[in-house]
Amino acid sequence: MHLKNLIGILLLALLAACGRGVDLPAGQTDQSLATSQPPAAPSPTPADPATPQPEPPGLLTVCLAQEPRSLFYYDAVSTAERGVLAAVYDGPFETTAFSVQPVIVEKMPALADGDALLQPATVAPGDLLVDAAGQLVNLAQGVRYRPTGCGEQACAQTYTGDQPVQVDALVVRFRLLTGLQWADGAPLTAADSVFSYELARSLYPAAWPERVLRTQAYRALDELTVEWTGVPGDLDGLYHTRFYPPLPQHAWGELSAQELPSSELASRQPLGWGAYAIQEWVAGDHITLQRNPFYFRAGEGLPHFDYLVYRFVADGEEALAALLAGECDLVDQTAMLESQVARLDGLQAEGRLAVITQPSAAWDVLAFGIASLEPGRPDFFGQAEVRRAVAQCIDRPALVEGLSGGRMTVAESYLPAEHPLYNAEAARYAYDPAAAAERLQAAGWLDLDADPATPRTAQGVVGVPDGTAFVVEYLISLDATSQAAARSIQAWLAGCGIQADLVTQQARSLLAAGPEGPVFGRQFDLAQFGWVTAVEPPCSLFITNEIPGSYPEYDLGWGGMNAAGYSRQTYDEACADALTSLADQPLHTQAHAQAQALFAEDLPALPLYWHFRLLVTRPDVCGLSPAALADGLLADIEQVDVGEGCP
């Protein structure tokens, strides 16, 4: 998976990613969707009416501290919006513990099963392809590409001629479960998935722009099977999710792509196939959903409630008060109650509520300014040995315990330990101030007055004038948790002879795109901020072509994410092999392990801790899984039950 689809700044800033535009493939145009004739909808027939259905116990109310803007699938990006849509659309895939599982397709495609395959494609000069680094480009002189049969950087070639070349294209087939129906009883077919693709293309670049550009063709093979064909050269670890979520062609097909997103039909009452169907949306107050009798899991007695209400509240305090008063059954993570852990634990001990803690895919990092763009700024952290020393100066287990009472976990890499691609053999840095002092001394940072509480002094340090005191700026946002962490880290660094002066800024300014923003403008010594990771490891955060700077000297201009300025060819190659190989190829696992090992060796940034998120419920609520779900805690809303229905 490519960087722009995987990661973002964690609730800290909105960054506009700069880069070069790529033309849509030939023959692909912005057309009205009304030209396709939808199939006639049959008379509604509830799924398996002969199966006895348990009597649902009534009403489930979820308090949201945020009202959705829109429920149109391609516009819904906030936690609140995705939470509501989890009840409307079940899947099409769900992510549990960083593993993607099918919901409405029969299985995940795989090379070994023949429903994913590589086939040679002819690419002429000027045609679109994905180069050896995983970037969409047009074939031209100097482009590095992987010819047919080449799966890694070692066999990539540089285009120097004027003749077509052969490059592998990936073809993936998905087969829907039989008997799926929309909430109005119409059959859900492969044509609905193709309709969704056509809609995303017509809305380009507003809807899934990277996915659209990397799709060469998307077609229905029969009523239940769709086939995705990628742009030649496009190979990555998440190829088995290149499925477009079905949208109801029979209900929406008469509206154009321009009309549909803002229509009442799509933005406020979208038709889905999930456990519930929207009944009404009262602005500023609530959304009511009713049990979907055509839900494909109705035969399992799901969902457990006749009605689901999402009630809008002003903030976490109002949400918690409503829960304690019996006015809602669950408080969603939009209430952001993580800062009230001690209070919630007390209420849980009294039996007044239950707290569900979920590991988050968000992590805080202490970034090192390795290659500053600010003239005259000393290169304090240019040496990897100094960065390793800093890692040993900081007691991260104590930091985590102090911040969250043990709910957070120490981050050793850009992947959590439970990720299936986590490299447990990569270097780790335990808290060891004595070892850190030895590293600093060897690197030329001397303790001239034999007082560890005073800053060390440079002597023979590359990029730092002799006699320079080890006094650096530590950039941090106003977030209370980040501030508390920075103060603790500041104290530990002082014990190693590093004076870190905290410089606080609004997150929006701190993490603004360069050259104005100090972090992504590469004008800092130390900076603490958050990232979000996902199923595919985000090694691309630290590759050379992600270094921000003025275009064309820097490939992505000021849209690059590698704020540290770290560059190492072997790391770039390992990361490229990892991100441009298929998940079921041995190279994929090997390259991700190598990239993590090189990251741990060089430490362009020090991972600090993994965040968590909370959902608070009535004491007798069950059915919510605390596993690391990228889709959020409400992804399994159909499983939620209360009281006697619970195990």
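Four strands form an open sheet in the order β4-β9-β11-β10, with antiparallel pairing; strands count as paired if DSSP finds at least two bridges between them. The edges are β4 (116-123) and β10 (215-220), each with a single partner strand, so one side of each has no neighbour in the sheet. This is a predicted model, in which local features need pLDDT of at least 70 and side-chain atom pairs count only at pLDDT 80 or more, whereas totals for chains, interfaces and linings use all residues. Residues are numbered from 1 along each chain as its sequence is written, and side-chain values use heavy atoms, with hydrogens and water left out.

- Strands β10 and β11 pair in the antiparallel sense over 5 bridges, and A217 stands opposite T229 in β11.
- Helix α3 (residues 190-202) packs on the sheet, where it touches β10 and β11; contact means heavy atoms within 4.5 Å.
- The direction of α3 makes about 150 degrees with that of β10; axes are lines fitted to C-alpha atoms, for helices over the stretch in contact, and angles run from 0 to 180 degrees between N-to-C directions.
- Helices (H or I, at least four residues) and strands (E, at least two) are DSSP runs, numbered from the N terminus.

**Aromatic pairs**

- The structure holds 30 aromatic pairs; rings of Phe, Tyr and Trp (its six-membered ring) pair if their centres lie within 6.5 Å, and planes under 30 degrees apart count as stacked, over 60 as edge-to-face and the rest as tilted.
- Y73 and Y89 form an edge-to-face pair, because their ring planes stand at 80 degrees, with the centres 5.5 Å apart.
- This pair links distant parts of the chain, 16 residues apart: Y73 lies in the loop between β1 (59-64) and α2 (79-88), and Y89 in the loop between α2 and β2 (93-96).
- Both Y73 and Y89 are buried; buried means under 20% relative accessible area, exposed over 50% and partly exposed in between (1.4 Å probe, protein chains only).
- F174 and F243 form a tilted pair, at 5.4 Å centre to centre and 55 degrees between the planes.
- F174 is in strand β9 (residues 165-175), while F243 is in the loop between β11 (225-230) and α5 (249-252), 69 residues apart.
- F174 is buried, with a relative accessible area of 1%, and F243 is buried at 2% relative accessibility.
- One aromatic cluster includes Y73, Y89, W182, Y197 and Y218.

**Charges over rings**

- The charged end of R82 sits over the ring of Y73, 4.7 Å from its centre; the criterion is NZ of Lys or CZ of Arg within 6 Å of the ring centre and within 35 degrees of the ring normal.
- R268 lies over the face of W281, at 3.9 Å from the ring centre.

- Not counting residues up to four places away in sequence, Y571 touches residues including Y414, F542 and F599.
- Helix α2 is largely enclosed by the rest of the structure, because 8 of its 10 residues are buried; E81 and V84 are among them.
- The cover over the buried residues of α2 includes β1, β12 (276-282), β13 (286-291) and β14 (307-312).
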